[in-house]
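Visitor: Hi! Could you walk me through this one?
Guide: Happy to, here it is.

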Amino acid sequence: METENMQPVDIDLTGDFSVSSHLVQQTVMSGGAEQQMMQIYLRVRPFSKEELSANEDQDCVVIEDGQTVSLNAPKGSANIKSSEKGVGLSIHKFTFSKVFGPQTTQGELFEDTVKSQVFDFLEGKNALIFSYGVTNAGKTFTIQGTLKDPGILPRVLVATFHYMGGHQYKEMDLKPYLRNGAQCLDPDQVKQERTAKMAILASVREEGDHQRTRSSSEPLITSDSCLSSFSSSSNLTVFSGSPAEASSDQFALWVAFFEIYNECVYDLLQPTLSKKRSSLRVCDDGAGNAYVKDLRWINIQNLSEANKLLQFGNKNRSAAATKMNQSSSRSHGIFTMKLLKIEGKTLKRISE
Ligand SMILES: Nc1ncnc2c1ncn2[C@@H]1O[C@H](COP(=O)(O)OP(=O)(O)OP(=O)(O)O)[C@@H](O)[C@H]1O
């Protein structure tokens, strides 16, 4: 899992990484922008019952200390055979910003990795969090989690609504535009926004009625209102106090959810009327910033709405069972939040 604080300007990462042979931590040197460190975390998930009964626990991954792991090639593997012949090594060491073992809880992971970045996002800075790993590694569990064990995304949403407190801008007439801007909507456009959002929320409510019997270990987004229910649970981190409380500023949260599947971009918040979905184009806003053209942005005003959009989007994701993971996501899902800080009717800042 990797996290980075970003400035509003795009940073070309290609060619700018400085990577030493055994150090996986990477330094981002940006042309003109301030130098930033990309934090790279490793989470080692526990073995499943099936993996244990198949004797897959061969101590291949050994956590040496809080930052280092050794990877030992499995018995009988090609790596072992060639290292016995003096070709290559059967042990590799990697160093990370921090390594989290199988006992790490979702709450501990959030605290020790992205919590400070969430605070930065609420205070107006851009941030990017992404998870990277082979199929079945635990990416979905870490980012989304389950009803019982909420992951990073629901925790970020809870923290954001807590921060906004009673200072929400409900007019819906200031909407993110292109990459870093916002546009004013006229009353007809606001009406269209409300209608589009209501259509999604209503469709999830209808489906939610048929889903009440799901278990708490299933992905978070399958259960209606679960975000709201765990937001009150004691193990959930929110920032103490709300910095928004004291000021007269207001906040609007807009979200988008899309996937990259077979190198095409699909909007997950676009109701699909036919089996064939149309893909979206990635464009340049004229200032060198990439954005997805015609991507749907929805203004959400509470956790229940956030949960419904997640349910709706996840249902649209291209999932197919693989040999290793029966509910594997076959695409890269990208959930984006834009937080607008508004004074009167004027946009003061926007963070993503
Ligand atoms: N830290 C963890 N603790 C307990 N179970 C976990 C943990 N991480 C992952 N799992 C379980 O391991 C399985 C695979 O996890 P997950 O679906 O998140 O993998 P993934 O990396 O998203 O896979 P894919 O790329 O194929 O979608 C799931 O059953 C999940 O519940």
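Visitor: Is T140 buried or exposed, and why?
Guide: T140 counts as buried because it has 22 C-beta neighbours inside 10 Å. Buried takes 20 or more other C-beta atoms within 10 Å of the residue's own, exposed 12 or fewer, and partly exposed is in between, with C-beta atoms placed from the backbone. By the way, this is a predicted model, where local features need pLDDT of at least 70, side-chain atom pairs count only at pLDDT 80 or more, and totals for chains, interfaces and linings use all residues. Residues are numbered from 1 along each chain as its sequence is written.

Visitor: Where is T140?
Guide: T140 is in helix α5. Helices (H or I, at least four residues) and strands (E, at least two) are DSSP runs, numbered from the N terminus.

Visitor: And where does N136 sit?
Guide: N136 is in the loop between β9 (126-130) and α5 (139-143). N136 counts as partly exposed, because it has 18 C-beta neighbours inside 10 Å.

Visitor: New topic: what does I260 touch?
Guide: Leaving out residues up to four places away in sequence, I260 touches V265, S331 and H332. Contact means that C-beta atoms, placed from the backbone, lie within 7 Å. I260 itself lies in strand β12 (residues 250-261).

Visitor: What about the sheet with β6, what's its order?
Guide: That open sheet of three strands runs β5-β6-β7, with antiparallel pairing. Strands pair if DSSP finds at least two bridges between them.

Visitor: Which strands stand at the edges?
Guide: β5 (61-63) and β7 (91-95) do, each with a single partner strand, so one side of each has no neighbour in the sheet.

Key
Two residues are in contact if their C-beta atoms, placed from the backbone, lie within 7 Å.
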